[in-house]
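Subject: Structure handover

Hello,

Here is the structure I promised to pass on. Please open it first, then read the notes below.

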Amino acid sequence: TWVEADATVPVGGNESRAEGRVVTDLEVLLISQPAGAQAGGDVDCFHSCEYGALAKFVLLDLTGHGAERSAIARSLHEILHQYSNEISPAQLLELVNRQYNPPAGPIILATAFVATFDPGDGVFRFSNAGQPRPLHWSAVLRQWSILLEAQRSDCGLPLGILKTACYDEEAVAFSSGDILLLSSDALPETQNTAGDVLEPEGAIRLLQEASQELRENFSLSSLAQEFLRRVEQFRGEPGFDDDLTMLWLRRLPSGVAERTN
């Protein structure tokens, strides 16, 4: 059952779970799998703001994994909650970076990805702080690809390195039926028993195979299950060595979104 996300309270955390929502005109599927523990070092939020007219998504990933990172992850979640109405992805990263104070000792960095979607213009805007690039399914071409950077710059450091770090903002058209997959680095960095790394290109290959295996009008959950089954085959064993978080986003036709809501 799809429900509208609360307009003010972010949905997120770092526990093991899978859940689906509809946020503005987007179908959202969240899959979170902490590595070998009930909690881990990933943070995920998605909610609607600006009176429900704008969807916002946040994914953060701390270096390291497991329950020892959970307390830090929750402190980052609290910082995010303070700025739940900030609609600029780059500005939000700057604000969180200024407030993030990792504990003493070895530096614990946080990579982050912040995005908004405005159904009015159909544009997906995002800012990246060291996270894997989004993977994009074109409903027209029926093909997966990596959203490449429009231009390289000195901005985009992970959180916790430099308080005055800058962050670029990118924008891409997100058409009806298109899918975006946002993930923590546990996905592209997963290895098999031979030591081969999946990498984004390998993920694209498995996504393409999974999409072709399913019927034309496949559900996000069936796609995610088929994809993870293929990732498990690549690994040769279940689970991941690092905390895994995936946000699957699909643009719904306006009529479908209205009936769902």
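Which residues form a nonpolar patch on the surface? They are Leu-157, Ile-161 and Leu-162, and together they have about 240 Å² of accessible area. Keep in mind throughout that this is a predicted model. Leu-162 sits in the loop between strand 9 (143–146) and strand 10 (170–173). Its relative accessibility is 42%, so Leu-162 counts as partly exposed.

Move on to strand 10, and you reach Glu-170. Is Glu-170 buried or exposed? Glu-170 is buried, because its relative accessible area of 17% falls under the 20% cut-off. The side chain of Glu-170 makes a polar contact with the side chain of Arg-133, at 2.8 Å.

What is the order of its strands? There are six, and they run 2-3-12-11-8-9, with antiparallel pairing. Strand 2 (17–23) and strand 9 stand at the edges. Each has a single partner strand, so one side of each is left without a neighbour in the sheet. From one strand to the next, the twist averages 15°.

Strands of a sheet pair through backbone hydrogen bonds, and the pairing is either parallel or antiparallel.

Strand 2 is joined to strand 3 (residues 26–33) by seven bridges, and the two run antiparallel.

Now go to strand 11 (residues 179–183). Which strands does it pair with? One is strand 12 (residues 244–251), paired in the antiparallel sense over five bridges. Here Leu-180 stands opposite Leu-249 in strand 12. Another is strand 8 (residues 135–138), also antiparallel, with three bridges. On that side, Leu-135 stands opposite Leu-181 in strand 11.

How many of the residues of strand 11 are buried? Five of its five are, and the strand is mostly covered. In a regular strand the side chains alternate between the two faces of the sheet. Strand 11 is covered on both faces. Ile-179, Leu-181 and Ser-183 are buried on one side. Leu-180 and Leu-182 are buried on the other.

Salt bridges

How many salt bridges does a search of the whole structure find? It finds eleven. A few are worth a look.

Take Asp-121 and Arg-125. Their side chains meet in a salt bridge, at 2.9 Å from N to O. Asp-121 is partly exposed, with a relative accessible area of 38%. Arg-125 is partly exposed too, at 26%.

Then turn to helix 4 (residues 220–235) and pick out Glu-226. Glu-226 forms a salt bridge with Arg-229, and their closest N and O atoms are 2.5 Å apart. The two are three residues apart in the helix, so about one helical turn separates them. Are the two partners buried or partly exposed? Glu-226 is buried, with a relative accessible area of 13%. Arg-229 is partly exposed, with a relative accessible area of 38%.

Glu-226 has another salt bridge, with Arg-230, where the closest N and O atoms are 3.1 Å apart. Arg-230 and Glu-226 both lie in helix 4, four residues apart, which is about one turn of the helix. Both Arg-230 and Glu-226 are buried. Which residues do salt bridges with shared partners join into one network? The members are Arg-205, Glu-209, Glu-213, Glu-226, Arg-229 and Arg-230.

One more side chain

Finish in helix 3 (residues 199–213), where Ser-211 lies. Ser-211 is buried, with a relative accessible area of 1%. What lies 2.8 Å from a polar atom of its side chain? The backbone oxygen of Leu-207 does.

Best wishes

Definitions and conventions
Residues are numbered from 1 along each chain as its sequence is written. This is a predicted model: local features need pLDDT of at least 70, side-chain atom pairs count only at pLDDT 80 or more; totals for chains, interfaces and linings use all residues. Side-chain values use heavy atoms; hydrogens and water are left out. Patches are made of residues with over 30% relative accessible area and no salt bridge: like charges are joined within 9 Å, nonpolar side chains (Val, Leu, Ile, Met, Phe, Trp, Tyr) within 5 Å. Accessible areas come from the Shrake-Rupley method with a 1.4 Å probe; for residues, only the protein chains shown count as cover. A salt bridge is a side-chain nitrogen of Lys or Arg within 4 Å of a carboxyl oxygen of Asp or Glu. Buried means under 20% relative accessible area, exposed over 50%, partly exposed in between (1.4 Å probe, protein chains only). A polar contact is a pair of N or O atoms within 3.5 Å; within protein, one must be able to donate a hydrogen and the other to accept it, and residues adjacent in sequence count only if both atoms are side-chain atoms. Two strands pair if DSSP finds at least two bridges between them. Axes are lines fitted to C-alpha atoms, for helices over the stretch in contact, and angles run from 0 to 180 degrees between N-to-C directions.
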